[in-house]
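Here are a few quick notes for anyone opening this one for the first time.

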Amino acid sequence: MTRRSPLATVALLAAIAGPLIVAAPAAAIDTSKGSSGYCPDGTGVTVVIDFQGLGGGTIIRCAPGDQSTGLTALKSAGVQIAGTIRWGEGFICRIEGKPTVAAERCVDTPPTSAYWSYWHAPNGGSWTYSDKGVANRKPPQGSFEGWSFSLNRSASDAPVPGVSPVRPVLAPPPTVQDDDTPQARPDATATGQPATSRPADGEMPGSMLPGDPSGSSSAQPSDGGSGSGSARTTGAAAPGAPADTGGGNGAVDDPRSAAHDVPIGTLAGLTGIGLVAIGGLLAVRRRHRAGDPEG
């Protein structure tokens, strides 16, 4: 029995798989997995694919939740990959159909002049070239996994991914200030005072003018009055109006109201005294008449 060397076996497999690889369709993002863009918070792993000289720009995908390896992060983000025939997915040879099958058949490890370089970074940090294989590294949650195609470069100067490993900070929603919102006023029941401001000493607010039950502040002074224009009238004072002491604030007394200023009790007392005096005079006259027959 003839034994084949490992290299001969790889060559045979490449010859068999060659037509199949050429006929393979181009890969595409699996939108049923992961989500487009950065992971929104400290969970999950953000995967960055930079095609560099291959063309195709940059892809940013989020692999949600905990990822056991860099390989699972790629697959969980929905990125289509292809390994090599010799090493399987332990060595990433093709991402999203690039490089093409015509340029790289992915039988064995691609040359250092054209391969996918593997990077990692913490959020807000810097990219670091990975010293471990994609199946041997566990990316922390909230971190970044980067893949950048290195073309005609050595391993020492492979290009870093062209996207900074910084998760965008979501701005809080703006606070809407409603100008029509009424301002808070003191509660009269809580403070024990009216909600309106109190008048200063010697000042009478318009809503407390004497003789103006309607609370109007447009009362005009009576003829002959002087002073501040808040002349007192003979009408009843509004509830809560301060008593008039006859002075201050320029108020003028009406002489026609003097008769009403005598208390009722005083009048009753004077009437009683008058009646007693009249009764005494009548009694004296009766006695005089009884002692004077000629009277």
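1. Keep in mind that this is a predicted model. Taking a disulfide as a pair of cysteine sulfur atoms within 2.5 Å, the count comes to two disulfides. With bonded cysteines counted along the chain, the pattern reads 1-2, 3-4.

2. Start with Cys 39 and Cys 62, whose sulfur atoms sit 2.0 Å apart. Cys 39 is in the loop between β1 (35–36) and β2 (45–50), while Cys 62 belongs to strand β3 (residues 58–63), so this pair ties together parts that are 23 residues apart in sequence.

3. What about the handedness of the Cys 39 and Cys 62 disulfide? The torsion about its S-S bond is about 105°, so it is right-handed.

4. Are these two cysteines buried or exposed? Cys 39 has a relative accessible area of 2% and is buried. Cys 62 also counts as buried, at 5% relative accessibility.

5. Now for Cys 93 and Cys 106, which form a disulfide with their sulfur atoms 2.0 Å apart. Cys 93 lies in the loop between β4 (81–82) and β5 (94–95), and Cys 106 in the loop between β5 and β6 (114–121), so the parts tied together here are 13 residues apart in sequence.

6. For the S-S bond of Cys 93 and Cys 106, the torsion is about -85°, so that disulfide is left-handed.

Note on methods: Residues numbered from 1 in each chain as written. Predicted model: local features only at pLDDT ≥ 70, side-chain atom pairs only at ≥ 80, totals over all residues. Heavy atoms only, no water. Helix = DSSP H or I, 4+ residues; strand = E, 2+ residues; numbered from the N terminus. Buried < 20%, exposed > 50% of the residue type's maximum accessible area, 1.4 Å probe, protein only.
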